[in-house]
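Subject: Structure handover and notes

Dear colleague,

I am passing on the structure we spoke about, together with notes on what was found in it. Please read the notes with the structure open beside them.

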Amino acid sequence: MHDNLDLMLYRARRVLAERLRPAIHSTGHPLQVASFRVNGEPIPVADGLAASYRPAAVGERWGRAWDTTWFRVTGEVPDALAGRQVEVLFDLGFDPNKTGFQAEGLVYTADGQPVRSLHPRAQWIPVTADAAGGEPIEFYVEAAANPEVEMFRPTEVGDWDTAGDDLLYRLGRCDVAAFHVEVFELVHDVEVLIDLAQQLPSDSERRARILHTVDRALDLVDLQDVAGTAARARERLVEVLASPASASTHRISAVGHAHIDSAWLWPLRETVRKVARTTTSMVRLIEDHDEFVYAMSSAQQYAWLKQHRPEVFAIVRQAVAEGRFVPVGGMWVECDAVLPGGESMIRQFSYGQRFFREEFGLECTGAWLPDSFGYSAALPQLLRGAGYEWFLTQKISWNERNRFPHHTFWWEGIDGSRIFTHFPPMDTYNSELSAEELFRAARQYREKAVGSTSLAPTGYGDGGGGTTREMVARAKRLADLEGSPRVTWEAPDVFFARARAELPEPAVWRGELYLERHRGTYTSQHAMKQGNRRSESLLAEAELWSSVAAIRAGHPYPYEALDQVWRDVLLHQFHDILPGSSIAWVHRQARERYAELAATLESIIADALNTLGVTLGDGPLAINGSPVVQAGVAAGSIGPAERAPRRVIAEGDGFVLASEFTRVVVDAAGLVTSAIDQVTGRDAIPSGTHGNLLQLHQDFPHVWDAWDVDANYRRQCVDLTALDGIELDGDALVITRSFGDSRIEQRLSLDDAGRVLLIDNAIEWHEREKFLKLAFPVDVFADTAVAETQFGYQFRTTHDNTSWEDARFETHAQRWFLVQEPGFGVAFVNDSSYGFDVTRVERDGQITQDARFSLLRAPRYPDPRTDIGTQRMRVGVLVGADPGEATAAGYRVNVPARRGHGPSLPALIGVSAPGVLVSAVKLADDRSGDLVVRVYEAHGRRTTTQVDIGIQAREVHRADLLERVGEEIVPSRSGDGVAVSLALRPFEVATLRISR
């Protein structure tokens, strides 16, 4: 019997592939094709419609990489198709397995109305549901010749200038045919049933009955007249398809979806068109299927539609108003979730929600980040503070070693805030609703003892495409089918409400969601990290000084300019741009844009300071532009420039950098042999070891070049000790080394406070598949390293007792990480890097730590010249540090005091408690003129602080992260302004809204 069933299954699959699917459309009737090649960047739709076309033909080659070709399709419906549903079949030269990763098209009518997209799994254009014969046909197709960027192999097609001139595609088909509805339905009847049978136990009664029934149904199909006999075959399947699922069957909430990377293996400008193509098709699918629900994240992608494709945005807006096209996530983009600073994460929410509120009259209730590369433990508080109720991701299922123990749970952050979280157990955000996927979800769902529901984002993604009518057909049959999980189209909010009801007391996961992959993204494409960090720091300064100038001098606050800069910075925090995992074109444009943003922000800062009577340049004033307050020091202070006495001298065979706080000894080879905290007399460098040691590793991960660093990279290491030169230059020691095809110049000095050993690195980087680290062994006994995260810090073990700990061999920090024991620590600060590692090392019977900055990588895919050229970065070492001092040093390195001329000014904001910092001073987004001040507790302990506000405030309120007014705080008089008292939990973020 088993052999017979296996033969039945084999026969069914062959008939399905070779006879039924090809019969969905009748024999085609050729149409006329003409083409117009665009020279250069894409053109407006109106220009494409009005262009001069030349005759083209099926079989003709078209499309240089990244080019656009417009095709005009004309003809009429043949009389032979009268009474039929008619479609145009148009094949741009597709590979059916590469949806979103090759040629694509968007179809327009002659009057410019968008019809639908063309991609490998959707090669049809609707003409009429009931043809009379003779109807004219005229469509225009904007076709993008996006090249296939072959996965994991170095390629030059990732930029316009290096992609070559070959024509990549051959026009495969352009004809009009009947769409045989009964054949289409039979195909999905058979497909769903045999896929289900393949998942059922081989000896199950249900499997045997399905295969027997399908076998007999196929006996009723005349393989030479499938269209004429499909209906009678379907009748034979009615009973087996009508058998209902059991009450306890796992329930899948399907939501239409197309994860569209805002940039990856295509440039930003192409994403604009990907969004237009996908959303057009999804709106049409909504119109055709009453049950279908589609969700799309990223306010930026909606904004692109509004700006570049208003005709598409109009139909999307209507579908949103009807509640079937659902904005989700409430963020500007699906950003990286570990590298952006705290204020950036908040602005992802505030700018995203503002767009959805203004354009659609709604705010999203959940965060949607299916594909970001790990998630900071600061996020739960920020999500709750922005009004979110739930969080969704899928990416942690990519872990290399450890299976995450939950699918539906509370996620608890560093401050104790919790957010209700779901990981789809299907392990994909691009579901096709296959039986294999459904059974995997039901099998893997960790909460099955108390729950029975999970979510399935359904549709082709990464490169877009979205849900297809084939997926909708599957879902219809799987709504209530014996033996299968049940499938229902539902909006995410509906799913999360049911999941909360099912699991009133879910498990709790505390701390970061560390992804055991893609660790290389903390370092790849250093210019992205530097541009982001510099932009964040300059934005903080620009908002601060613009606020001071507006309040003190009546200077117009630059709302529009700051908004545009913020939107660009947020866009470039997308999870394939900031992490450094996009093609060369993306990173080239990002470098250019970061330079433009820096110039804009410098101009805003100078303009505001000029209004206040301050001129930047060499001068006696120090302009502290960081909106950070520590231990009562005012934010944005302008006062006399002070520098601690320091010296750099030659001594013996080496050199000494010294102040009253720190003494650093550098030997003749440029290596640090001693770093003494003058207060305690303790040396941080273990005897016989060397700091400032550059180490070069072979770096060739088994897959995902720009993304991954494999643990085995440590097995090949070269210490770069050869010296080109070493000399004193003013208050700095300059060291130069050459290695491979590269060269590095390091300038070692002490900072103005005399506390931090600064190392300014200028690296001429010309390596391939290498990983550059900067090592400092430290004489500290510690089980954990402390790493700054957004609005606080977290602990990570330095040992590898468990597989979870062992997997964290490369980790990330914001501006600093710290190795400490009670009473003594060493902090490592940076201005533009995120990756680091700390390893326990036994030396002479004593446990010490090797702490290393990750400086540069050289992966070749998808950008074969990653980081080639000059890279500059500043790092620092602070001996005798705790988390508070590390935080202060991190800010000083990232926002050094400026010099200038002008009057000292009273502070706008000050706080009294050590460890309470100001992260933002700005005017309110709603342009009311209210002052918004954000503070946070940075030391991880409860405290009460006084916030001094240097203006006569009318009202002071606590506000949420979207600046919505909450509890009123009654201020007291304080000098020329007012003061309020705030009680803060460990790592709590608090926002004040001040009406003046």
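An open sheet of 9 strands runs in the order β32-β33-β34-β35-β44-β41-β40-β37-β38, and the pairing within it is antiparallel; two strands are taken to pair if DSSP finds at least two bridges between them, while the strands themselves (E, at least two residues) and the helices (H or I, at least four) are DSSP runs numbered from the N terminus. At the edges stand β32 (725–729) and β38 (792–797), each of which has a single partner strand, so one side of each is left without a neighbour in the sheet. From one strand to the next the twist averages 20°. Within this sheet, strand β33 (residues 732–739) and strand β34 (residues 742–750) pair in the antiparallel sense over 7 bridges, and Ile735 stands opposite Gln746 in β34.

Before going further, please keep in mind that this is a predicted model, in which local features need pLDDT of at least 70 and side-chain atom pairs count only at pLDDT 80 or more, whereas totals for chains, interfaces and linings use all residues. Residues are numbered from 1 along each chain as its sequence is written, and side-chain values use heavy atoms, with hydrogens and water left out. The protein chain averages a pLDDT (the predictor's confidence in each residue, from 0 to 100) of 96, and 99% of the residues score at least 70. Over residues 629–634 the pLDDT is below 50, although this stretch has 22 contacts in the model beyond near neighbours in sequence; contact here means heavy atoms within 4.5 Å.

Helix α18 (residues 883–894) lies across β35 (756–765), β37 (784–789), β38, β40 (816–821), β41 and β44, running at about 20° to β41. Helix α14 lies across β41 (824–830) and β44 (869–879), at about 60° to β44; for these angles, axes are lines fitted to C-alpha atoms, for helices over the stretch in contact, and the angles run from 0 to 180 degrees between N-to-C directions.

A nonpolar core is a set of buried Ala, Val, Leu, Ile, Met, Phe, Trp, Tyr and Cys residues joined through side-chain atoms within 4.5 Å, and buried means under 20% relative accessible area, exposed over 50%, and partly exposed in between (1.4 Å probe, protein chains only).

Some individual elements are also worth a look. In strand β6 (residues 85–91), 6 of the 7 residues are buried, so the strand is largely enclosed by the rest of the structure. Strand β6 is joined by 7 bridges to the antiparallel strand β12 (residues 173–179), where Leu89 stands opposite Asp175, and by 4 bridges to strand β9 (residues 124–128), also antiparallel, where Glu87 stands opposite Pro126. Thr99, found in the loop between β6 and β7 (104–109), is buried, with a relative accessible area of 7%, and its contacts include His119, Arg121 and Tyr460.

Helix α12 (residues 469–477) has 7 of its 9 residues buried, so this helix too is largely enclosed by the rest of the structure; among the buried residues are Arg469, Arg474 and Arg477.

Finally, a search of the whole structure finds 89 salt bridges, a salt bridge being a side-chain nitrogen of Lys or Arg within 4 Å of a carboxyl oxygen of Asp or Glu. Arg808 forms one with Glu512, the closest N and O atoms being 3.8 Å apart, and this pair links distant parts of the chain, 296 residues apart. Arg808 counts as partly exposed at 23% relative accessibility, whereas Glu512 counts as buried at 8%. Glu60 and Arg54 also meet through their side chains in a salt bridge (2.7 Å, N to O), with Glu60 partly exposed at 24% relative accessibility and Arg54 partly exposed at 43%.

With best wishes

Key:
Lists of a residue's contacts leave out its neighbours within four places in sequence.
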